[in-house]
2 protein chains.
Amino acid sequence: MNMKRNVSSIASLISDPSRAAILLHLLDGRCHPAGNLAAAAGITPQTASFHLAKMAEIGTVTVEKHGRHRYYRIAQASDAEMIEQLLSFAGPAPVVSLRQSDQMKKLRHARMCYDHLAGEAAVRITESLLRAGHLQKDGLQLHVTVSGETFFADFGLDLPQLRKKRRAFSRCCLDWTEREHHLAGALGQGLTERMFAMDWFHREEQSRAVRITQEGKQGITERFGIQLD
Amino acid sequence: MNMKRNVSSIASLISDPSRAAILLHLLDGRCHPAGNLAAAAGITPQTASFHLAKMAEIGTVTVEKHGRHRYYRIAQASDAEMIEQLLSFAGPAPVVSLRQSDQMKKLRHARMCYDHLAGEAAVRITESLLRAGHLQKDGLQLHVTVSGETFFADFGLDLPQLRKKRRAFSRCCLDWTEREHHLAGALGQGLTERMFAMDWFHREEQSRAVRITQEGKQGITERFGIQLD
DNA sequence: TTCACATTTCGATGATAATGGAAACGTCTA
DNA sequence: TAGACGTTTCCATTATCATCGAAATGTGAA
């Protein structure tokens, strides 16, 4: 069996605390300049650069040069989801300070999982879509039903376009705080993007946490028939 | 956030190829003597002993002394399932030799995932239980319905006894070859045990693979209404 | 041009940890 | 009681790798 090699090489990516910190920080799906990541991991810029170069070589992250900054992001959604899965085994972080606990509450409530929404909000929305019969669970796939086609089109999503993307169209992603599934894949990404475009959510600075706006709460209730908060 | 620490310490368990090989070998749920594990990992007994001692200290594996042998096994089902999950990201192993490919086919078909059945057989059986309405999916939980209570009792399982165990009763476990869920938890373990007791399956030596007997094929068709092979 | 700033490259250092040889320990068998 | 065997402990070796200081590169601003 040579999958041993794969498993251990994947694991060694995260086994180093500095790399883990960097990846955890990148899990918000945004691009981050190298210095930012160094600060987040509590290491010098050189060390961060070393790790980032290594990860870029393997293909875990990609770089984009803008001016004198280099912006890094996680290359593949599937890698981000793997890290999320690992988090679900690490278990809910033991609360150390009130500040952390507060941050934790926010993360549980709504956060980005790379390119799509996660947390309680995402799980409840996904549940609602299943209940309404717009989505249908089939193993780890989430099929869009006929009524779903209409629903998402009404919502402003271009499904044919999303299907064309070279990635899974609609699938489950394990939510480590809720221990339930939420919608991921191109559809999850598209839905999230649309909701942000409608100003339903705002990103917090330097965090994966997402705040739901007043319009958001109203819109979610209207469209999905659920009450958040 | 101090879950960083957790994540990386979990990952470092598997990041070493030797430990990964040992754990992969232990994933069959059986007890293995130290020498056996050393051979499986391709390292000397001393080195294996070193790693096993380390993992025992953390609580990942437990020891049992029998005569001059020391038998090791994975301590918690949840740890075994985490490794299974990691495997699903490592992806199907690239086929190197015909021998491996053959072994791989067997693993895909039916294997042990620590203490319960996995592979195509397990996924199909789980599907059948859901379709028949004996189980009901609720997030990652698999609830036993009223008809399910009867079904499992008929099958010879003592559900109240299984519920008493200090572990999850009935839950989903991600199958890395099928990329679907199969039944795990105390119920999954109990069901598997019962099927082995009825001689439906035989273990292969030195492998996680499981062979379905003639009685097994017949019984599975009768009880679950599915045809395997 | 010159300076400031973000980032990388180079090089040296230090720590960590996997590894196997030698030997000890305990248990089984003859 | 002696010897074989499975396993562990002790120990020295070795390789790997994260880390950071110093210097180089490249970009933007003045």
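Biologist: Is strand S8 of chain B buried or exposed, and why?
Modeller: Four of the five residues of S8(B), which spans residues 171–175, are buried, so the strand is largely enclosed by the rest of the structure. Buried means under 20% relative accessible area, exposed means over 50%, and partly exposed lies in between (1.4 Å probe, protein chains only). Strands (E, at least two residues) and helices (H or I, at least four) are DSSP runs, numbered from the N terminus.

Biologist: What should I know about the model itself?
Modeller: This is a predicted model, where local features need pLDDT of at least 70, side-chain atom pairs count only at pLDDT 80 or more, and totals for chains, interfaces and linings use all residues. Residues are numbered from 1 along each chain as its sequence is written, chains are lettered from A and ligands numbered from 1 in the order in which they are written, and side-chain values use heavy atoms, with hydrogens and water left out.

Biologist: Thanks! Which strand does S8(B) pair with?
Modeller: S8(B) pairs with S9(B), residues 180–184, in the antiparallel sense over five bridges. Two strands pair if DSSP finds at least two bridges between them. B:Arg171 stands opposite B:Ala184.

Biologist: And what's in the turn?
Modeller: The two strands form a hairpin with four residues between them, and B:Arg179 in that turn has a positive phi of about 55 degrees.

Biologist: Switching topic: how many residues of chain B are in contact with chain A?
Modeller: 40 residues of chain B are in contact with 40 residues of chain A, where contact means heavy atoms within 4.5 Å. The area buried between them is about 3400 Å², and carbon and sulfur atoms give 74% of that. Buried area is the accessible area (1.4 Å probe) that two parts lose on being put together, summed over both.

Biologist: Which elements of chain B give two or more residues to that side?
Modeller: They are H1 (3–15), H2 (17–26), H5 (77–90), H6 (98–109) and S9 of chain B. H1(B) has the largest share, ten residues.

Biologist: Which residue does A:Arg167 pair with?
Modeller: A:Arg167 forms a salt bridge with A:Asp115, with the closest N and O atoms 2.8 Å apart. This pair links distant parts of the chain, 52 residues apart. A:Arg167 sits in the loop between H9 (159–164) and S8 (171–175) of chain A, and A:Asp115 in the loop between S4 (111–113) and S5 (116–118) of chain A. A:Arg167 is partly exposed at 29% relative accessible area, whereas A:Asp115 is buried at 16%.

Biologist: Where do A:Glu120 and A:Arg124 lie?
Modeller: Both lie in H7(A), residues 120–131, four residues apart, about one turn of the helix.

Biologist: Last one: what order do the strands of the open sheet in chain A take?
Modeller: The order is S1-S3-S2, three strands with antiparallel pairing. S1(A) (32–33) and S2(A) (61–66) stand at the edges with a single partner strand each, so one side of each is left without a neighbour in the sheet. Six bridges join S2(A) to S3(A), residues 69–74, and A:His66 has A:His69 as its bridge partner.

Definitions and conventions:
A salt bridge is a side-chain nitrogen of Lys or Arg within 4 Å of a carboxyl oxygen of Asp or Glu.
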